[in-house]
Amino acid sequence: MQLGRVARWVLGGITTVVLALIYLPLGVVFLNSISTSESLTWPPPGFTLEWWRRAMHSEGAFEALGMSVMVALAASAIALVLGTLAAMALSRHRFFGKESVNLLIVLPIALPGIVTGIALNNAFRTLMGVQLAVWTLIIAHATFCIVTVYNNAFARLNASGTRLEEASMDLGAGLFTTFRLVTFPHLKSALMAGGLLAFALSFDEIIVTTFTAGTGVTTLPLWILQNMFRPNQAPVVAVIAVILAVVSVVPLAIAQRLTAKDAEAVSR
Amino acid sequence: MTATRVSTYLAPRRRLRLAGLLTAPVLWLGLVYVVALAALLITAFWTVDAFTGQVRVEWTTENIVEVLTEALYRTVTLRTLGIAALVTVLDIIVAVPVAFFMAKIARPRMRHLLVIAMLAPLWASYLVKVYAWRALLSGNGLIEWAVAPFGGETPGYGIVGVVLTLSYLWLPYVVMPIYAGFDRVPDRLLEASADLGGRGWRTLTAVVLPMIRPAIIAGSIFAFSLSLGDYITTTIVGGSTQMLGTLVYDNVGSANNLPLAAAISLIPIGIILVYLAAVRRTGALRSL
Amino acid sequence: MSKSPSRLALRAGIAATAAVSLAACGTSGSDGGSEAASSIGDTEGSVSILAWPGYVEDGSNDPTVDWVSGFEEATGCMVDAKTYGTSDEAYQLMQSGGYDVVAASGDLTLRLVASELVAPVNTDLLENYEGIFDFLKNKEWNSVDGVSYGVPHGYGANLLMFNTDEVTPAPTSWDVVFDKASDYSGKVTAYDSPIYIADAAVYLMTHNPELGIENPYALDEDQFAAAVELLKEQNASVGEYWSDYLLEIQAFETGDSVVGTTWQVIQNSISTGNTDVVLPEEGATGWSDTWMIASDAEAPNCAYKWLDYIASPEVNATATAYFGEAPSSEAACDFRDDCEAYHAGDEEYAKQIWYWTTPIAECVDGREDVECVDYSEWTKAWQEIKG
């Protein structure tokens, strides 16, 4: 677009500064992970690799990581199915109460986590009379993850219009064949983006998790919360956080690549 | 084949197809969420038995009246609203230029790198980042060290610390929808505006901003609602600051008074519903 | 560098605060239900334990911290441990059943007894019971009418910590955080829990004797109002209310806080060397936890074995050191080098501690002419104090 050189430089400068500020606290986390202080006190009195060694041997952390991945995968899978269905309904149909359905989908993420948390906790324990467990946690997470899938799928469906699907049907393809061969390939990258966001939301969620996870169900954020209270574990937690941020680049990069390819295909 | 038969049967029946699509998501959200919320609201009208600690089913407006009349709740609500609003505004001010640069100025390769750079910190655990901010804000932390030569001092633990930390935490959630919003503005449109004589600034305000308004509002919903319910950040960098989330949490967590907690949570629920109603027409709900 | 293995007081804020609003104690309905066992039979092969985090460690958090494996090897009882975050959660879990043993704090024990969820414990069956400090046995939070309901685990006091550079001369009274708090405005810290109101009450017992406070957990309207008023004044000088213990360590190391309540283990963890703790002349609040056996235990024999095992000097020393509190027996001190710091076994010292008890309407000091303020009111008042 037509912007003066100065404007470009200013915007580039702002972006650079903001990114630097975003990574500054992460730098602090990294320094904490190699600091000799057991209580993350600033400035670090000295440096050590002890915490990295310990983190590699922390059974609890890896079990929690496994639990988090499992819960996030299950919640995202449910959200993918429900979000796609809802997006197809709302983008391809006109009906009474459409706005309400939209609001219903948005509500779990728009209401503060603590409200969602105590509402679900109360519903599970008092209304249904069940013990909190893994599945209650997955249900809770899936509920607030639907919206991310829905929005991505909805935007893509709206942008692409119905021409291709109509053409497919005119050529004699059934509903399911059309979905499989036309709609889905088209949606794939949007679902990927939505699913990834859902995964991320679930993975780092702590407040709703506190209220809906059964005893013994320790996700990574819960493990971190418990271990943050133990001074000689706090630097180990910092190590885990650094590893997570670095490792997350891989799925993010893959998702980006897929989305980008698709976006080009769509805009053409 | 049955699939074919079902397909042939459904093809002309739009209503039925719609029902097929909607049933599962609406049932899920209805059964899991709406019922849970409704039950919580009803609980606000119940009371706790002081002797056994169990919730007693006995209609009373005591909790609601208490929340509405006592000064404590008014003060904390206003403080929480102020913090949430400030966080939202700060995030939008920072996010708009960054998102614009990412979507419209950066070259594709750079753009991908920026998106990844923006999203990666989301994975570094909320709690760990808040503790990092605690270190930054401390009396001998990095901020103090950086501003002391200029006669400044760190805001320390308190409302300012909470606002800074929350803005930091939610920034990626605000940048991403706005970035997507800018991305959806076709370059052709910008060129057309320029061809018609629109200067950069005018193109921005007259063409681009109206188009991305829903995206900005979508981002604001994240920042606003996430701030509204927070209680962990406040504990760690808030010094002695209490927010609505703190009051709700304390009543459930340590006082075991779910009815009062439910009554207090009516405040953020009300605020968010009003907010959603106000922005509904902008289409923001579809940009989250 | 003095490295005690302690460091891990896990019962972070929430946990300790977990005093709960109710407690159907008072009327002890304990005579109906269960009887104490008269002997220990064959072990059942497994035992289910409910405890605070850090009380039942099997090495999965830190391979060097493990006292469960030794028990499993010695008795053949495989341990299935669950942790809880608040006393209230523990109460609900006990009601749902399925646990043989529970580690309960003073704000939970009487409720469990009154609901007949736990059984009397025949302490004669426990070899290690005899060695336990007398001043912890058969107290109001672990026995009813002289019948023991469990084995004391560890105990500690909520002390006064100060920065030796900034707070001179060394304080001997809580007045530095109350009447003189403004001298350290913005750098005073306090424990973030309604139960902290009792700390103010302890102070008032000495400085406002006309209020007639006999027990800081039994406050009538007037006494309670006075304590709340004191805390509201203090609020102006408070820089931070600490809820978990990392927060306080950091605040004292950086100098953001210079004076306030603490636990001994926190001071041990501070590496800057310019802090000291004191048990002020007014006395202090504190805690003492109890191992109890469920009345419907499926593995009562393994449960007794666990109670005996956890009370044995070496295990008790390891567990309490890990948590950061004083052990329950003199013999345990042979396995710890920091008993002195915790004043373990110092009866005079222990006498000055008011152990956490749930405030209920029926005054726990035995007064019958007035109603006391219960814990839900304490919670509301605490929120008002913080503003």
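Good morning. In chain A, 78% of the contacts with a separation of 6 or more are between residues 24 or more positions apart. Please bear in mind throughout that the model is predicted.

Let me stay with chain A and describe its makeup. Chain A has twelve helices and zero strands. Read from the N terminus, its elements therefore give the run α-α-α-α-α-α-α-α-α-α-α-α, with "helix" defined by DSSP. The C-alpha trace of chain A spans about 70 × 65 × 30 Å along its principal axes. Of the 268 residues in chain A, 51% are buried.

I turn now to the interface with chain B. How many residues of chain A are in contact with chain B? There are 77 from chain A, and they are in contact with 81 residues of chain B. On the side of chain A that touches chain B, the most is given by helix α1, residues 5-33, with 13 residues. The residues on that side of chain A comprise 61 nonpolar, 13 polar and three charged.

Helix α1(A) packs with helix α4 of chain B, residues 71-105, at an angle of about 115°, and their axes are 9 Å apart. The crossing of α1(A) past α4(B) is left-handed. Which residues meet there? From α1(A) come Arg8(A), Leu11(A), Gly12(A), Ile14(A), Thr15(A) and Val18(A). In α4(B), they meet Val94(B), Pro97(B), Val98(B), Phe100(B), Phe101(B) and Ile105(B).

Next, chain C. Its domain assignment gives domain 1, which covers 13-156 + 288-350, and domain 2, which covers 157-285 + 360-386. The C-alpha centres of domain 1 and domain 2 of chain C are 28 Å apart.

Chain C also contains an open sheet of five strands, in the order β10-β9-β11-β8-β12, with mixed pairing. Why do β10 and β12 of chain C have one side without a neighbour in the sheet? Strands β10 (238-242) and β12 (275-278) of chain C stand at the edges and have a single partner strand each, so one side of each is left without a neighbour. From one strand to the next, the twist averages 25°.

Inside this sheet, strand β8 (residues 159-163) and strand β11 (residues 259-262) of chain C pair in the antiparallel sense, over four bridges. As an example, Leu160(C) has Thr261(C) in β11(C) as its bridge partner. Helix α7 of chain C, residues 245-254, packs on the sheet and touches β8, β9 (188-191), β10, β11 and β12 of chain C. The direction of helix α7 makes about 150° with that of β10(C).

Is Met78(C) buried or partly exposed? Met78(C) has 15 other C-beta atoms within 10 Å; a buried residue would need 20 or more and an exposed one 12 or fewer, so Met78(C) is partly exposed. Setting aside neighbours within four places in sequence, Met78(C) is in contact with Gly45(C), Ser46(C) and Glu72(C). Finally, Met78(C) and Asn316(C) are 238 residues apart in sequence, and their C-alpha atoms are 19 Å apart in space. Thank you for your attention.

How values were computed:
Residues are numbered from 1 along each chain as its sequence is written. Chains are lettered from A and ligands numbered from 1 in the order in which they are written. This is a predicted model: local features need pLDDT of at least 70, side-chain atom pairs count only at pLDDT 80 or more; totals for chains, interfaces and linings use all residues. Two residues are in contact if their C-beta atoms, placed from the backbone, lie within 7 Å. Helices (H or I, at least four residues) and strands (E, at least two) are DSSP runs, numbered from the N terminus. Ala, Val, Leu, Ile, Met, Phe, Trp, Tyr, Cys and Pro count as nonpolar, Asp, Glu, Lys and Arg as charged, and the others, Gly among them, as polar. Two strands pair if DSSP finds at least two bridges between them. Axes are lines fitted to C-alpha atoms, for helices over the stretch in contact, and angles run from 0 to 180 degrees between N-to-C directions. A crossing is left-handed if the near helix is turned anticlockwise from the far one by less than a right angle, and right-handed if clockwise. Domain bounds come from an automatic or database domain assignment.
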